[in-house]
Amino acid sequence: MLGLLVLAVASCAPARNSPPPAGGAYLPAVELPAISRLAPFARDASGGAIQHVVIIVQENRSFDNLFQGYKGADTVSSGLNSMGQTIPLQPFSLRKSYEIDHTAKAFFEACDGSPPGQNCKNDGFNIEQSYNGPANPAYVFAPHHETKPYFDIARQFVLADRMFSSQIDESFVAHQYIIGAQANSAVDLPSSPAYWGCDGGPSDTVATLTQQRTYGVAIVACFDNQTLGDELDAAGLSWRFYTSRILGDGGVWSGYQAIQHIRYGPDWKKDIVVPQTKILKEVSHLPAVAWVTPICYNSDHVGCGGGLGPQWVATVVNAIGRSKDWNSTAIFVLWDDWGGLYDHVPPPYEDYDGLGFRVPLLVISPYAKQNYVSHVQYETASVLRFVEDTFGLAQLSAADARANSPAADCFDFSQPPRPFVPIATSKSEAFFLSQRNDGRPPDDQ
């Protein structure tokens, strides 16, 4: 199966690259055609009730790992491996740090399907390479006492158990889908992943994935496609991307760092906000759309440790819930990829680079259904589709054109807005406002 993945990555970017403009950014070697109007605008299901959308992005957890045993959701307590053995899922703390491969290669291994990535049997998670982990490192779940804030949020609002990442691989590509519903066919990581985009210069290349799901030519990891931020700018709507600074290279951990015209344009200073804890101070004047990313300790990433993700997310949700904008806000909490962790639901094949394995999605709003599990198929681009439909924006790519919006099944806009009930936490807002940035990328995998 994996023999079909033939690596054909050039040692440097092809000569077709445009020369570097002032500021040092580079265009990709292969640009996708502009496809910003694949579907007509959909009607705003909220009827104008939603004026603010907050997208909280966490890292690297599968659904079976993070919500194992949640009542009404499709989870299992064991999984098969490639030898036909049944492996019980064991509790393993969010505070423990180790690594599991979750490249495209690992996706095909774990899927164990034919053709590659299709008709998945989901029994090859034991083949993924891992480092410093427990026995059967993919076959674990987060202990419920550590994930209690996530369970409490789900019981108050909506948990979606058919949410898949729009991409099959790691976080660099995932974060392009989170802002633009595509990744210029990129796959896996740039050669200098700490730069996370244009700052790496012309030698920082990333492989591409072909329509046949083989590795293609390398391109510079600096793109120029349109993003949701561009559409919001054009519509006169505000946006902010709350993030952290990466120590050592002076970079900022943002998907927008790989978008040339934003990295070297006015949006970079105006709309990329460091540190992400500023969201806690700015909830009294939320933009139309905000992305909120964590520091490593708060990210849920298997390799970060810390274990503070549930507390961080609940603290951000509580701050928004107590704000004057609560009655006009929808919050989505998503995890960008599966992180190599076991999940039993085979991902649907939608395109050459998707869908990836199942990840959780929490939908929080005064109009969200209460204690509801949605079984509708969603993907990363579904959140962008909700934003586009809400604000009358065009679709950016094939992914958000095909994606189901959570509006229909997760919300009831006929009900009056529900008052917010705070989520119990063991860490205060003051704790996170004074927390030291550990300087690591929340995910460079």
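Which residue's backbone oxygen lies 2.8 Å from a polar atom of the side chain of His102? It is the backbone oxygen of Ile100, a polar contact in the sense of a pair of N or O atoms within 3.5 Å, where within protein one must be able to donate a hydrogen and the other to accept it, and where residues adjacent in sequence count only if both atoms are side-chain atoms. The model is predicted, so that local features need pLDDT of at least 70 and side-chain atom pairs count only at pLDDT 80 or more, while totals for chains, interfaces and linings use all residues. Residues are numbered from 1 along each chain as its sequence is written, and side-chain values use heavy atoms, with hydrogens and water left out.

**Two buried loop residues**

- His102 lies in the loop between β5 and α2 (104-111), where helices (H or I, at least four residues) and strands (E, at least two) are DSSP runs numbered from the N terminus.
- At 2% relative accessibility His102 counts as buried, the term meaning under 20% relative accessible area, with exposed being over 50% and partly exposed in between (1.4 Å probe, protein chains only).
- The side chain of His102 also makes a polar contact, at 2.9 Å, with the side chain of Asn60.
- Leu94, in the loop between β4 (90-91) and β5 (99-100), is likewise buried, with a relative accessible area of 2%.
- Leu94 and Asn298 are 204 residues apart along the chain, and their C-alpha atoms are separated by 9.9 Å.
- Not counting residues up to four places away in sequence, Leu94 is in contact (heavy atoms within 4.5 Å) with residues including Arg61, Ala142, Asp300 and Pro310.

**Sheets and the helices on them**

- An open sheet of 8 strands, with mixed pairing, has the order β16-β13-β17-β1-β18-β19-β8-β20, two strands being paired if DSSP finds at least two bridges between them.
- Its edge strands are β16 (272-273) and β20 (372-374), each of which pairs on one side only.
- Within this sheet, β8 (residues 158-160) and β19 (residues 361-364) run antiparallel and are joined by 3 bridges, with Val363 of β19 as the bridge partner of Val158.
- Helix α3 (residues 148-156) packs on the sheet, touching β1 (52-58), β8, β18 (329-335), β19 and β20, and its direction makes about 55° with that of β19; axes are lines fitted to C-alpha atoms, for helices over the stretch in contact, and angles run from 0 to 180 degrees between N-to-C directions.
- Helix α3 is mostly covered, as 7 of its 9 residues are buried, among them Tyr150, Phe151 and Ile153.
- Helix α10 (residues 380-391) lies across β1, β17 (289-292), β18 and β19, running at about 170° to β1.
- A further open sheet, antiparallel in its pairing, has 3 strands in the order β10-β11-β12; β10 (186-187) and β12 (219-220) each have a single partner strand, so one side of each is left without a neighbour in the sheet.

- The 13 residues of α9 (residues 309-321) should span 18 Å at 1.5 Å a residue, which agrees with the 18 Å between its end C-alpha atoms, the expected span being 1.5 Å times one less than the number of residues.
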